[in-house]
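Hi there,

Here is the structure I promised to pass on. Please have a look when you get a moment; my notes come after it.

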Amino acid sequence: MMAELDAELHSMLLYYGIPSIILCYIVYQTFSLRRAKLRVEAFFFNLICGWVHRKFCNKEKTLLFDQLQHLKQQSPNRTFKVLEIGVGSGMNFKYYPRGTEVTCVDPNPFHEQYVIKNLRKAQKNLKLVSFIKGFAENMPQVESNAYDVVLCTLTLCSVRQPAAVLQEVKRVLKPGGAFFYLEHVAAQKGSFIRRVQDKLQYIWPKFSGGCNINRETWTFLDKSGFTYVDYSHYSVNTWLAFFARPCLYGSATK
């Protein structure tokens, strides 16, 4: 009787116990590696993207975000509320009007520590209302008709559903609110840079956090249903990453 019981227990351990332990170990390791990857990604984003923004985007961002101060002055007696999607480490805070209340959305939770650091570094008396871990395609934690401005920089290239993001942006903006954006985009069809972009697209997203190097972002803006959409194309002065030269910046009004 005991021999049969031992055999049965041995069989259960062999066919159920050990595989379950192995599976749990794989899941644990995968989750741990995922968190480590996100932590490392946040660190390098803060270093590299900070340099990219200062080197290649400062002039256009200054022109674009000067409008934030004008919008704030239109309602001087109430809180100016901004939602930044794909905030990364917070490279846009220095352009915000003083005293702005900021809500940030980003899928990487490890960006939050850099967001807090760069918020203080901006020295604009900015208030971080919340850092929301999530994707801009679906933001149930964000209230509708609540924000004076939604903005993003170098974000729409990597979202999975640009049209859904723009609908969410429109939902959370107050009536008459504005969406500001600066993005690298696809080059003109038939050009040398576009041919390079189309070839790179096969591998580029795998090494760049899902970035689409040949995305025609303006087509999504044109079909977004905003009351008014305005953007300007420009070319970044770089030879090393020549395939990322084409960019645009602009705004859309709800």
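Below is what I found in it.

This is a predicted model, so local features need pLDDT of at least 70 and side-chain atom pairs count only at pLDDT 80 or more, while totals for chains, interfaces and linings use all residues. Residues are numbered from 1 along each chain as its sequence is written, and side-chain values use heavy atoms, with hydrogens and water left out.

The protein has six helices and seven strands (DSSP runs: helices are H or I with at least four residues, strands E with at least two, numbered from the N terminus). Their order from the N terminus is α-β-β-α-β-β-α-β-α-α-α-β-β. Of the 254 residues, 43% are buried (under 20% relative accessible area; exposed is over 50% and partly exposed in between, with a 1.4 Å probe and protein chains only).

Gln113 sits in helix α2, residues 112-122. Gln113 counts as partly exposed because its relative accessibility is 44%. A polar atom of the Gln113 side chain lies 3.4 Å from the backbone oxygen of Phe110. Ala42 is 71 residues away from Gln113 in sequence, yet their C-alpha atoms are 9.2 Å apart.

Phe43 belongs to helix α1, residues 2-74, and is partly exposed, with a relative accessible area of 39%.

Which helix holds Lys117? Lys117 is in helix α2.

Best wishes

Methods: A polar contact is a pair of N or O atoms within 3.5 Å; within protein, one must be able to donate a hydrogen and the other to accept it, and residues adjacent in sequence count only if both atoms are side-chain atoms.
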